[in-house]
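Please read them with the structure open beside you.

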Amino acid sequence: MSFVNKITRCHHWPEERFRRFMIDGRLQGWMTHAFAEALEAYPKVFLVEESAVTLSPVLAGPAVRTAALDALLDDIAARGLGPRRRHEVYPVNRAWGEPPVLLLDRGAVPYFGTRSYGVHVNGYQRRKDGIHLWVARRSADKPVAPGKLDHMVAGGQPYGLTLEENLVKESWEEASLEEAVARRAKPVGEIAYRCLLGEHVRDDVLFCYDLELPEEVTPEPQDDEVEAFELWPLAEVVERVRDSDDFKFNVNLVLMDFFLRHGALDKSDPEVAALAERLYSRPPD
């Protein structure tokens, strides 16, 4: 086990197992060959070729494209070939802030391999013996990484909310933190990765925040996504990330960034130098 291995896992995906998803001549995602072949049943919407799947140019504009794909999702799911709806839409674009070329139900995002965004909050306290981090235990029935350790607050970024609005929403839903507390979170950067998760590509950008909590504020589960919170000494979190797979795969990246910024790692260690170089690299398009 090592820090660098965790980064390598988040930047590995076998490109030959996927076809490109193209819209208006621009790459927007990746899908499995099996899913691509299933889309041949919808020739008015998709042009399916050996190397790529292209959204029909007849579908011009985000609203028309969104409606066309939305009309197919239930049929694809009913045939057992694709996702069930999550009733939350994500923007499809290749860079944060770009106007979306369409809106896609969250459940379909892994199947089309489009880029998604999220907020991750390092909740911590400063005590006499140093920094302590709040660690969440994910619910056992979560579809991704059930029972794994997680950040105090983390969630996908839906369309129609600012990052700060989403951070406030997720802080209340997951950790029962009041809005005034959540708004103290400080943006500290972003981390991008592209990897294989199950049978699909995860192409994510995580917006990272630090939120220092006073001792009288204790996060508590609000919804069914978190089972419990524990406050751990920073050194214990470092050890667990380095020596185990107990944390959700992408949470490791955000925690390593926290370790580097807060001086928890020995920078004379060759692995730490390699970690810093690889942690902030962005996957090429």
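1. Before the details, please keep in mind that this is a predicted model. I begin with S171, which is part of helix α5, the helix that spans residues 163-175. S171 has a relative accessible area of 1%, and because the cut-off for a buried residue is under 20%, S171 counts as buried. Leaving aside residues up to four places away in sequence, the contacts of S171 are with V153, S176, L177 and A182.

2. The next point concerns a pair of helices, α7 (residues 234-243) and α8 (residues 249-261), whose axes come within 11 Å and cross at roughly 135 degrees. That angle makes α7 oblique to α8, and the crossing in which α7 passes α8 is left-handed.

3. As to which side chains form this contact, α7 contributes L234, V237, V238 and V241, while α8 contributes N252, L255, M256, F258 and F259. Sorted by class, the contact of α7 with α8 comprises eight nonpolar residues and one polar residue, with no charged residues.

4. Finally, I would look at α7 by itself, where L234, V237, V238 and V241 are buried. When α7 is viewed down its axis, its buried residues fall within an arc of 100 degrees, and therefore they line one face of the helix. The partners against which the buried residues of α7 pack are α1 (3-9), β8 (130-138), β13 (226-233) and α8, so please inspect these elements together with the helix pair described above.

Terms used:
Residues numbered from 1 in each chain as written. Predicted model: local features only at pLDDT ≥ 70, side-chain atom pairs only at ≥ 80, totals over all residues. Heavy atoms only, no water. Helix = DSSP H or I, 4+ residues; strand = E, 2+ residues; numbered from the N terminus. Buried < 20%, exposed > 50% of the residue type's maximum accessible area, 1.4 Å probe, protein only. Contact = heavy atoms within 4.5 Å. Axes fitted to C-alpha atoms, helices over the stretch in contact; angles between N-to-C directions. Parallel < 35°, antiparallel > 145°, perpendicular 65-115°, else oblique. Left-handed = near helix turned anticlockwise from the far one by under 90°. Nonpolar A, V, L, I, M, F, W, Y, C, P; charged D, E, K, R; others polar. Arc of directions from axis to C-beta.
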